[in-house]
Amino acid sequence: MEQNIKHVGVVGAGVMGAAIAAQLANVGIETVLLDIVPTGDPTPKEQKKGVTKESAQFRNKLATTGVQTALKAKPASFYLPQNQKLIRVGNLQDDLKLLSDVDWIIEVIIERLDIKQKLFEQIETVLKPGTIISSNTSGISAEAMCEGRSEAFRQHFAITHFFNPPRYMKLLEIVPGPETKPEVTALLAEVCDRRIGKGIVWAKDTPNFVANRVGVFSMYSAIKTMQEMNLSVEAIDQLTGPVIGHPKSASFRTADLVGLDTLVHVADNVYDGVPQDEQREVFKTPEMIKTMVDKGLLGEKTKAGFYKKGKDESGKRQILSLDYETFEYRPKAKVKFGSLSAAKAAEGTTGKINALYYAPDDAGKFTFKTISETLIYSANRLFEIADDIVNIDNAMKWGFAWKLGPFETWDAVGVSKSAAKMKKSGMAVPKWVEEMLEAGNETFYKTQNGQLGFYDPKSKEYKPVEQQPGVILLPSLKDRQKTIAENPGASLIDIGDGVACLEFHTKMNALGQDIISMFAKAKEIVSKDFTGLVIANHGTNFCVGANLALILFALQEEEWDDLDFLIRTLQNVLMDLKYMDKPVVAAPAGMALGGGCEVCLAADRVRYAAETYMGLVEVGVGLLPAGGGTKELLLRNTAGVFDVAKGGLYPRQIDLMPYIARAFETIAMAKVATSGPEAVALGLLREPTDRMTVNRDYLIDDAKKTVLAMDLEGYTPPRPADDIRVGGRNALATIKLGLWSMHKAGFILDHDVTVSTKVAHILCGGDVLENTRVSEQYLLELEREAFLSLCGEPLTQARIQHMLEKGKPLRN
């Protein structure tokens with residue numbers, strides 16, 4: 001189709017519709033958001049303002065409320081609040097004609113076929129030729145929704161099933177109707193993949209499609225097994241969460257978030273729609289769930305479900321869990337299983353799953369039964385809900401946040417070994433899986449010559465897993481012998497076209513000696529043999545900062561010289577990175593905190609993922625950015641002031657204080673951007689040189705293209721700054737006065753004053769006169785001195801210890 005999608009209409013401004021509109025606005029797509037006209041009359045408060053039933057304010061109320069709800073959502077639906085300006089609200093009676101100017105209409109209304117069909121009849125009266133129409137239904141048939149519509153409508157209709165919340169959940173299931181043109185689904189896939197940031201799963205037009213079909217089966221199987229084994233709600237959530245590669249919300253916290261009424265609706269849709277399903281009875285809602293719905297225990301929306309918040313006898317907040325026998329709440333009990341403890345201590349997701357799956361205790365029996373049933377069910381649904389195992393695995397990883405899809409999980413526990421155990425337990429292993437094993441194929445996935453393949457039962461062969469153009473997979477490159485240098489913490493990899501990639505692979509990608517030494521090696525190799533360098537990895541987080549355990553050990557052992565050497569070395573390698581003779585592009589995604597943020601600040605440019613959470617957070621553990629971060633934030637915040645200078649003569653009339661204050665607030669308050677665009681707003685990233693990639697899959701390739709473009713333009717490395725004008729002791733006195741006021745009012749403690757004063761001392765250039773000019777190296781010396789002095793503070797050590805033990809800062 002020779003068209004692009006520039007304008008979109010979303011019909012239905014509930015939580016999901018408004019959140020979809022927000023994500024479209026996030027990526028720069030102008031959106032019309034429509035809903036029905038409210039029934040009844042304006043509220044007394046509205047009437048006092050002159051609002052009548054004919055007022056646009058009243059008639060557009062539902063759409064306006066939807067946007068306001070999205071603005072208040074946690075986690076945030078918008079990258080930045082101002083993105084709401086790209087959404088135009090209206091109502092279906094007065095503004096239906098607005099849909100005649102859009103390229104794509106997304107229906108997001110109540111899950112009732114008759115109401116959807118009536119809406120589509122209305123929409124068709126204003127459709128311009130070529131407009132794509134899609135439904136966000138979670139399970140209603142595409143064929144049924146198209147009944148009675150014109151041929152043009154049917155040819156341009158598909159299901160686009162977003163998962164909630166649409167900004168964060170990668171999955172988008174696309175389901176074509178019987179007459180949908182291939183070019184329509186191709187355009188939807190391209191736009192949703194590259195521009196909106198979705199992972200596309202091609203699903204069949206069957207009840208609940210892929211993810212919900214398998215996911216609800218898995219959840220109901222867990223409930224049934226829990227009751228059979230008389231296990232508690234909290235025990236099941238311990239066994240079905242991170243320990244098997246599932247999210248922390250596990251089974252029942254997830255049910256509470258989704259809403260038990262919604263869960264029942266989805267399950268009933270399968271039960272009613274697939275009478276031939278051999279596991280149909282599993283989808284029959286358990287009496288326990290029916291009772292909870294009848295009692296209004298729907299989860300988050302009613303403040304009570306499997307869990308609810310309460311208080312103990314002393315008034316301290318606590319989480320209560322449901323006793324499903326009495327339907328009363330009690331304090332959560334500690335869960336103790338030997339195999340669970342062993343699984344938590346095991347290395348990696350595969351190790352953890354195996355430790356539980358083959359364990360003989362109740363935790364092992366539960367895990368074996370529920371995982372096996374899900375694996376068998378998934379295998380039996382192949383070709384019914386999706387054409388290959390890759391789509392099923394991706395649906396569960398992207399829609400339910402599983403680390404491993406069903407077939408990847410089966411590989412992890414050993415297909416042959418687990419199948420034998422299943423058969424011994426009386427389970428029926430799918431025939432095609434047995435045939436695969438009999439043919440000598442022991443896994444569902446196999447890597448050959450750096451190419452990942454998946455088993456296809458129809459051809460009885462391994463087919464290549466399709467890799468989208470523009471996706472660079474570092475493990476695949478390593479398999480093809482593209483590693484240039486490597487140590488336990490980092491690798492340097494040739495990603496083609498003369499560009500190298502520095503990959504971190506420590507725990508949480510925390511900075512330690514291995515990564516620091518690889519920086520030095522990368523500079524040497526890239527300067528000599530490559531066009532430029534990308535710094536990226538596939539980890540959940542780009543880099544969470546320095547290895548705090550290493551720092552704490554040095555503090556406890558009073559190894560001050562070692563600590564000084566570590567900080568000095570980090571400063572030196574990042575300065576070398578900044579002034580290297582080849583372009584350097586950092587490509588962060590997930591958390592880029594502390595030292596991870598400093599790595600990005602040292603790069604020439606940053607190609608950041610939309611979901612990048614960046615900040616200089618060291619004050620949270622009683623320290624400050626000492627890898628050049630404090631210095632870089634000062635330079636970035638005062639860049640506009642320095643740029644107006646000619647010939648090195650700075651205009652003395654421009655007061656530096658507002659710029660220093662902005663940098664100070666960002667560091668002293670440990671501000672963390674909740675999106676890449678917010679990092680730009682905080683001054684951590686720069687426009688227009690630092691650019692965003694919405695779909696992280698393409699991030700490394702986009703960063704590589706940035707390196708090549710910089711080289712093509714004729715890259716000239718920057719020169720070290722040695723003429724930086726600073727605020728001096730006058731600016732420092734102003735900040736100290738503010739800190740004194742906050743301390744006197746009880747907002748901050750003594751230690752906070754100490755840490756913040758050190759930050760201010762660096763940002764103001766130390767104890768010097770206003771407008772003194774200093775060098776970058778001078779500011780780095782101030783950073784290092786301040787960092788080491790704070791390391792000697794007893795409360796700093798306590799804060800580091802707390803962070804390591806609890807995973808969060810020690811609050812005042």
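How many bridges join S13 to strand S14 (residues 461–464)? The count is 4, and the two strands run antiparallel. Strands here are DSSP runs of E with at least two residues, helices are runs of H or I with at least four, and both are numbered from the N terminus. Two strands pair if DSSP finds at least two bridges between them. The model is a predicted one, in which local features need pLDDT of at least 70 and side-chain atom pairs count only at pLDDT 80 or more, while totals for chains, interfaces and linings use all residues. Residues are numbered from 1 along each chain as its sequence is written, and side-chain values use heavy atoms, with hydrogens and water left out.

On to the rest of that sheet. It is an open one of 3 strands in the order S12-S13-S14, with antiparallel pairing. S12 and S14 are the edge strands, each pairing on one side only. On average, neighbouring strands are turned by 40° against each other, direction ignored; angles run from 0 to 180 degrees between N-to-C directions, and axes are lines fitted to C-alpha atoms, for helices over the stretch in contact. Strand S12 (residues 445–448) pairs with S13 (residues 451–456) over 4 bridges. Gly453 in S13 is the bridge partner of Lys446, and Gly453 also has Pro464 in S14 as a bridge partner. Phe454 stands opposite Lys463 in S14. The hairpin of S12 and S13 has 2 residues between the strands, and Asn449 takes a positive phi near 55° there. In the hairpin of S13 and S14, with 4 residues between the strands, Lys460 has a positive phi near 60°.

Now for the helices. H9 (residues 211–229) and H16 (residues 362–381) pack at about 150°, their axes 10 Å apart. That angle makes H9 roughly antiparallel to H16 (under 35 degrees counts as roughly parallel, over 145 as roughly antiparallel, 65 to 115 as roughly perpendicular, the rest as oblique). Residues of H9 that meet H16 include Phe217 and Met226, and among those on the H16 side are Phe366 and Tyr377.

Leaving aside neighbours within four places in sequence, Ser756 is in contact (heavy atoms within 4.5 Å) with Phe664, Ala668 and Leu739.
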